[in-house]
Every structure is written in C-alpha cells, then in structure tokens.
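Please look through the sequence and the model below before reading on. The notes that come after it are meant to be read side by side with the structure.

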Amino acid sequence: MKKLVVLLFILSSFNAFSQKVNLDLDSLRFYMLKYVNEFRTDVGFHELQSDSFCNQAAQNHSFYMAKNGVCSHREDSRKEGFTGRTPFDRGVYGENAQMNIFFYGTSSKVIAKVLFEAWKASPPHNDGMKAGQYFGLGVEVTLEMDDRFSVAATQTFK
C-alpha cells in the first residue's frame with residue numbers, strides 16, 4: 001500500500017509540471033490571412049477569402065503530419081489521419097506545410113508571423129501564396145516539451 005501511495009505521488013508530480021498548449025486557431029487564421037493578403041496586395045494580387053472547406057482540409061493535413069511525425073505534402077493511406085494522397089486528392093490545388101517550434105506564451109500573432117515568413121522566404125511556397133481565390137489554415141500541436149512546443153501547420157488554397 002505504501003508503494004502505491006508513493007507511485008501515485010510521483011505520477012501526480014509529473015502531471016503538475018506538464019503544460020497544455022491552447023492555441024487560438026481562430027486568431028491564428030485571422031493573422032495568417034491578414035499577412036497573406038498584405039503580401040498579395042503588395043505584389044499586385046487580389047485578396048483571398050477564408051474558406052471553411054480549405055480550413056478543414058488544412059486542419060486535417062496538420063493532424064496527419066502531427067500524428068505521424070512527418071512534414072510532407074503526400075499522405076500514406078496506411079497511416080492515421082489519411083484524407084487523400086495529394087493536396088488535389090484532398091480537394092485543394094495548393095498547399096504549404098511546415099513544422100516549427102515555439103516557446104510557451106508565444107502569441108497567436110507571432111506564431112502566424114513566423115509561419116508566414118518561413119513560407120514567404122521559400123520560392124515555391126511564396127508562389128503558392130500568390131495562387132487561388134480561397135484560403136485555409138490548419139495548425140496542430142505535435143509535441144510538448146518543458147519550455148516549448150512544436151506545431152504542424154498547413155495553408156491550403158483553391
């Protein structure tokens with residue numbers, strides 16, 4: 001009985017140090033669309049409109065990447081979260097994907113800006129942000145560590 005009490009105390013102590021990431025997905029989507037549209041208008045393209053289908057496709061793909069620990073535009077039908085092999089199979093014709101690490105307490109605005117700047121700095125991803133009329137964003141927490149967390153993020157376009 002004494003060993004059981006000690007074990008329960010130890011397990012509850014680990015839980016006390018665990019931090020739960022609570023991302024505000026609506027805020028992330030708002031800022032990402034703002035940054036993408038500012039970028040598009042600066043280079044002479046029209047603004048994109050948020051789209052619920054694109055948001056869901058992006059969220060599904062972010063979940064797939066998070067669950068499987070991969071950053072890829074292709075999905076494997078044998079893995080958890082599969083929704084289509086290619087972005088086109090998932091109902092969108094453009095997609096940007098990445099995994100990144102943030103410290104606890106990082107605001108949604110800063111997370112969106114870091115993700116956006118990484119895509120903007122990459123020529124094929126930069127081109128992707130210039131395509132389409134509709135936009136979606138999905139973000140999934142992939143790993144929580146002592147002082148930071150990792151996310152899988154996906155932009156979709158159609």
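The points below concern aromatic rings, the charges over them, and the pairing of strands.

This is a predicted model. It holds 7 aromatic pairs, and one cluster linked by ring pairs is made up of Phe30, Tyr31, Tyr35, Phe39 and Phe116.

- When neighbours within four places in sequence are left aside, the residues in contact with Tyr35 are Lys109, Ala112, Lys113 and Phe116.
- Tyr35 and Lys109 are 74 residues apart along the chain, while their C-alpha atoms are separated by 9.8 Å.
- The charged end of Lys113, one of the contacts of Tyr35, sits over the Tyr35 ring at 4.6 Å from the ring centre.

- Among the 7 aromatic pairs of the structure, Phe39 and Phe116 form one that is edge-to-face, with 6.0 Å from centre to centre and 70° between the planes.
- This pair links distant parts of the chain, since Phe39 lies in helix H2 and Phe116 in helix H4 (residues 108-121), 77 residues apart.
- Phe39 counts as buried because its relative accessibility is 8%, and Phe116 is buried as well, with a relative accessible area of 3%.
- Tyr104 and Phe149 form a tilted aromatic pair, in which the centres are 5.7 Å apart and the angle between the planes is 40°.
- Tyr104 lies in the loop between strand S2 (94-103) and H4, whereas Phe149 lies in strand S4 (residues 148-157), so the pair ties together parts that are 45 residues apart in sequence.
- Phe149 has a relative accessibility of 2%, and therefore counts as buried.

**Strand pairing around S3**

- Strand S3 (residues 134-144) pairs with strand S1 (residues 49-50) in the parallel sense over 2 bridges, and Gln49 has Tyr134 in S3 as its bridge partner.
- S3 and S4 together form a hairpin, with 3 residues lying between the two strands.

Conventions: Residues are numbered from 1 along each chain as its sequence is written. This is a predicted model: local features need pLDDT of at least 70, side-chain atom pairs count only at pLDDT 80 or more; totals for chains, interfaces and linings use all residues. Side-chain values use heavy atoms; hydrogens and water are left out. Contact means heavy atoms within 4.5 Å. Rings of Phe, Tyr and Trp (its six-membered ring) pair if their centres lie within 6.5 Å; planes under 30 degrees apart count as stacked, over 60 as edge-to-face and the rest as tilted. Helices (H or I, at least four residues) and strands (E, at least two) are DSSP runs, numbered from the N terminus. Buried means under 20% relative accessible area, exposed over 50%, partly exposed in between (1.4 Å probe, protein chains only). A charge sits over a ring if NZ of Lys or CZ of Arg is within 6 Å of the ring centre and within 35 degrees of the ring normal. Two strands pair if DSSP finds at least two bridges between them.
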